[in-house]
Amino acid sequence: MKPISFKDKTVRIVFSSIFIFLLMLNCISLSQRINYKESEWSSVKYFKLDNYVDESLDNKVFEGYNLYILERKDHHLNEIINRTLMITDLDGNIYFQRDISIEGSLSHGAARFYNSTTLIYGDDYGAHLWNLETNVTQFVAVSIHHDYEVNYANNTYFGLSSYQHIKDDIEYGFDYIKEFAMNGTEVWSKNLRDFINLSSWCPFEDGSYYNRDITHSNTLFYDEEEDVIFVNCKNLNTFYKIDHKTGDLIWGLGEYGNFTLFDKYGNEVTSLFYHAHSLEMVDNKTFIIFDNDYHNQTDATNLSSRIVEITVDESMMYANTTWEWTRGQEYFCLYWGDADRLPEGNRLGTFGTHGHPDTDLSARIVELNEEGEIIWEMSFPRVSSETFGMYRSERFRFAPIVSIPIFVELGPNDSYVEWDIWYNFRSRTEFIGNYYITLDGETVEYDTLTFPRFWQPIKIKYFIDISELELHEIALVVSDEAGHLSNETDLYSSSGSLYLKPLNKRSLIIGLSVSAAAISTIGIGVLVWFRYSSKLKKWISKILKKVL
C-alpha cells in the first residue's frame with residue numbers, strides 16, 4: 001500500500017491526468033474491438049439457440065461471455081460441415097467468430113485464453129495464438145492432441161503425443177507428455193508407459209487407433225507453483241501427478257491410483273469417475289472433473305454424466321467426492337465434456353456431444369448454483385440431419401471482476417470497505433494488475449496487485465475514519481496487465497448495489513455512480529455514501545425516552 005498526500009496541487013493534477021489517459025486508452029481499445037467485431041461477424045446465424053434462465057432463484061447467473069469451438073456436422077453423412085471458434089454472450093449473440101480447420105478431432109485443441117488479449121487453440125497442424133484486439137495470429141508448429149498447456153516461466157508448451165507399442169504382436173496405445181520451445185524444439189518428455197502396465201486395459205476393451213488403447217490421455221495441466229504436471233488418462237479412470245523436474249510419478253488418483261476413494265456419502269469405492277474429461281484444479285486440494293460415466297464398471301447401463309468435485313488429503317492419501325451434479329441420460333455424453341467452478345461458487349458444465357438420449361438437442365451448456373439448480377442453460381438444436389457439438393467451453397470477462405463491496409464497522413479508526421477481485425478468466429498463472437481507490441474525487445490509494453490462479457479472489461480493504469460527520473464517496477477501479485478496466489462500459493461492468501442501514505449511526509448505500517464528474521476521472525465506479533443526521537438521532541432518542 002502507498003498512501004498519498006494530495007495537499008500538493010501538482011500531485012492532484014498528475015493523477016487526474018493519469019486517470020484520464022487510462023480512460024482514453026480504454027475507449028480506444030473498445031472502439032477497435034467494436035470495429036473489428038463488425039467486420040468479422042457473419043450476419044447469418046445458422047442455428048437457433050434455446051436459452052433458459054431461472055430468474056426466480058436467489059443465486060444469480062455469473063454474467064460474462066462463453067468461449068468455445070462449435071462443430072457443425074451432417075449426422076446422416078457423418079461429415080463435418082465446419083468448425084467455428086465463437087465468443088457469445090449469455091443470450092447467444094455472437095461477439096467474435098473464426099472458422100478453423102476441420103482436419104482431425106475437435107478435441108485436439110480446445111480454445112482458452114492465453115492472457116487478457118489473446119486466445120490459444122489448436123488443430124492438427126499446431127497451436128494458434130490469436131490476439132483479439134490486433135487480429136494478429138502467431139502459429140506454433142507443434143502437432144499434439146487435446147491440450148496446449150503453457151509453461152509461462154519458460155515460455156514453452158506441454159502437449160500429449162500418442163504412440164504405438166508392440167509386444168507379442170499386440171498393439172498397445174500409450175502417450176508421451178512432451179514439452180516444446182516456441183520454435184517447435186522438444187525440450188522435455190515423459191513416457192506414461194514408465195509407470196502404467198500393459199495389463200491395465202479397460203475391461204470393456206477400449207480400442208482406438210490401436211488394438212488396445214491403454215491410456216487415451218485427454219487432459220494436461222501444469223501447476224507452476226509446485227512444478228508438477230497433472231495428466232488424466234481417460235481409459236484408466238485415473239489421473240496422475242508427475243514431478244516436472246525429475247519425471248517421477250508422485251501419485252495417481254482413481255482406479256489405478258494409490259488414494260483411498262470415498263463417494264459423497266462416505267462409502268469407499270474403487271473409482272470416482274469413468275472415462276472422464278477436462279480435469280481442472282480449483283485450489284491446492286480440490287479438483288473438478290467431467291465424469292462421462294461411460295464404461296461404468298459398477299453399472300454399464302447407468303449413462304449419467306456428472307460434474308464432480310474431489311477434495312484430496314495428500315498426507316492421509318484420502319480422496320472424497322465433495323460435490324456432484326447429474327441429471328440423467330438426457331445429459332449423457334459418450335465423449336467430450338467440461339466442468340468449471342465460477343467465481344462466487346457456481347459451476348459450469350459442458351455436455352458437448354452431438355446428441356443425447358431422449359432429446360432432440362445437440363450440445364448443451366448449463367450453469368448451476370451451489371444447490372445444484374440449473375440457473376442458466378444454452379442448448380443447440382438438431383436441425384434435420386445437422387447437429388452441433390463442442391468439446392469444452394469457458395466463461396470469462398474482458399476485464400477484472402469486482403464484487404459488491406461490503407462495509408465492516410469496527411470502530412472510528414478500524415472500519416473499512418472491502419471488495420473481492422477476480423481476474424478476467426480462470427488462469428493457471430498469476431497476472432499483475434493495478435487498482436485505484438478514490439475518496440471524494442481524489443486518489444487516496446493505488447498499488448499493484450497479483451491476481452491469484454484458478455479464479456481465486458483477492459481482497460482489497462480500505463480503512464475509513466468514520467468519526468467525522470460528513471458525506472463521503474469512495475470508488476475502486478481495477479485494471480489487468482493490458483490496461484482493461486473493471487468498469488468497461490460496452491462489456492459487463494463489475495457492479496451491483498447494496499443498501500445497508502446500521503441501527504446506531506448511519507445508513508450505508510453501496511451502488512453505482514453515473515455522474516459526469518465521476519466518469520471524467522475514473523469512469524463508472526463503486527461509490528459509498530456515509531450519512532449521519534444529528535437531528536434524526538435526537539428525534540429518535542426522544543421517542544425512545546417516551547416509550548421506555
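The model is predicted, so local features need pLDDT of at least 70 and side-chain atom pairs count only at pLDDT 80 or more, while totals for chains, interfaces and linings use all residues. Residues are numbered from 1 along each chain as its sequence is written, and side-chain values use heavy atoms, with hydrogens and water left out.

**The whole chain**
- The protein chain holds three helices and 40 strands; these are DSSP runs numbered from the N terminus, with helices being H or I of at least four residues and strands being E of at least two.
- Of its 548 residues, 55% are buried (under 20% relative accessible area, with a 1.4 Å probe and protein chains only).

**A four-stranded sheet**
- Here you will find an open sheet with the order E6-E7-E8-E9 and antiparallel pairing (two strands pair if DSSP finds at least two bridges between them).
- Its edge strands, E6 (112-113) and E9 (137-140), each pair on one side only.
- Strands E7 (residues 118-123) and E8 (residues 126-131) run antiparallel and are joined by six bridges.
- Gly-122 has Ala-127 in E8 as its bridge partner.

**Arg-347**
- Arg-347 lies in strand E26 (residues 347-351) and counts as buried because its relative accessibility is 2%.
- Beyond its neighbours within four places in sequence, Arg-347 has contacts that include Ile-288, Trp-323, Asp-340 and Glu-367 (heavy atoms within 4.5 Å).

Key:
Buried means under 20% relative accessible area, exposed over 50%, partly exposed in between (1.4 Å probe, protein chains only).
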